[in-house]
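Here is a short briefing on one protein chain, written for someone new to reading structures. Take a look at the picture first, and then follow the notes below.

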Amino acid sequence: MSTTVEKSIVVVERAIPKEVLIEEVKEEESVLREAPKEVKDVVDQAREESSEIEPKTGVSFPIKPYNGLQLNSLGLRKKQILTIGVKIYAFGIYMDNKAMKDVVNSKMEKAPEKPTKELYELMINSDVMAMVRLVIIFPALTMSMVRKQFDEGIGGSVKKLNGGKKDEELVNKVMGAAKDSIKLSSGSVIEITRLPGYILQTKVKGELVSSVESELLCRAYFNMYLGDEPFDKVAKEGFGKSLISLF
């Protein structure tokens, strides 16, 4: 019996928690490839339990992807095309809950009964690390279409937060460098992350396309999901409840 397979069997015999098992296997994927079926079944089940499903699309989102981020809400972005609501992408809103907990507890004395505008604005205006993970649903989406829709959406949000003034140059910095050669299909992932210091970082299918330092841009981006006119009201409400739980 190979040393790798023996290691796999020992992992199961130790009866360690499933989430720990996942981390060990991630460190050495070769172990999983050579492992017995019973090991693979345990890992698959653990991975399923470590994710949440967006109910309208069936898309799976990891609960804790990396860098201390945690999934707080799921939603769906739809676009009206000839009076038909077309599903464009499912999304998950992630946040550094520990860091955000410090912010809300320093600004508010007690938890509100329901999510308030003040509570949402604490998150929108902060520089706590947060991310929106977009998973493409619409199969015919192209990079140029994504760029156009994104520029329109965040452009309007920037205008709203900037006293009615547009800033096309700033907006174009986010997706402007994304190459049309990047092929998008159903299941493709785009991650837009606010890093501490008000840096908005964009990755398309794992490829870094921009990193822009701008407080206005960061606020405008999360305002699209948590502001007065969110893409998905249910997702906003779910995120609000997660903010209340931080008290």
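Two strands pair if DSSP finds at least two bridges between them. Helices (H or I, at least four residues) and strands (E, at least two) are DSSP runs, numbered from the N terminus. With that in hand, you can find valine 132, which stands opposite isoleucine 192 in E6.

This is a predicted model, in which local features need pLDDT of at least 70, side-chain atom pairs count only at pLDDT 80 or more, and totals for chains, interfaces and linings use all residues. Residues are numbered from 1 along each chain as its sequence is written, and side-chain values use heavy atoms, with hydrogens and water left out.

**The whole chain**

- The protein chain has ten helices and eight strands.
- Of its 247 residues, 45% are buried; buried means under 20% relative accessible area, exposed over 50%, and partly exposed in between (1.4 Å probe, protein chains only).
- Among contacts (heavy atoms within 4.5 Å) with a separation of 6 or more, 63% are between residues 24 or more positions apart.

- Seven of the seven residues of E5 are buried, so the strand is mostly covered.
- On one side of E5 you will find Ala130, Val132, Leu134 and Ile136, and on the other Met131, Arg133 and Val135; all are buried.
- E5 pairs with E4 in the antiparallel sense over seven bridges, and arginine 133 in E5 is the bridge partner of glycine 92.
- E5 also runs antiparallel to E6, joined to it by six bridges.
- Threonine 193 lies in strand E6, and it counts as buried because its relative accessibility is 6%.
- Leaving aside residues up to four places away in sequence, threonine 193 touches Met129, Ala130, Met131, Ile199, Leu200 and Gln201.

**Helix H6**

- Helix H6 (residues 117–125) has these buried residues: Leu119, Tyr120, Leu122, Met123 and Ile124.
- They pack against strands E4 (84–95), E5 (130–136) and E6 (189–195), and against helices H5 (97–107), H9 and H10 (233–244).

**Helix H7 with H9**

- The axes of helix H7 (residues 143–161) and helix H9 (residues 215–226) are 8 Å apart, and the two pack at an angle of about 110°.
- Axes here are lines fitted to C-alpha atoms, for helices over the stretch in contact, and angles run from 0 to 180 degrees between N-to-C directions.
- H7 and H9 are therefore roughly perpendicular to each other; angles under 35 degrees count as roughly parallel, over 145 as roughly antiparallel, 65 to 115 as roughly perpendicular and the rest as oblique.
- From H7, Phe150, Gly153, Ile154, Ser157, Val158 and Leu161 meet Leu216, Leu217, Arg219, Ala220, Tyr221, Asn223 and Met224 of H9.
- By class, this contact of H7 with H9 has nine nonpolar, three polar and one charged residues; Ala, Val, Leu, Ile, Met, Phe, Trp, Tyr, Cys and Pro count as nonpolar, Asp, Glu, Lys and Arg as charged, and the others, Gly among them, as polar.

**Helix H7 with H8**

- H7 packs with helix H8 (residues 168–175) at an angle of about 140°, and their axes are 9 Å apart.
- That angle makes H7 and H8 oblique to each other.
- Met143, Val146, Arg147, Phe150, Asp151, Ile154, Gly155 and Val158 in H7 meet Val171, Asn172, Val174 and Met175 in H8.
- The contact of H7 with H8 divides into eight nonpolar, two polar and two charged residues.
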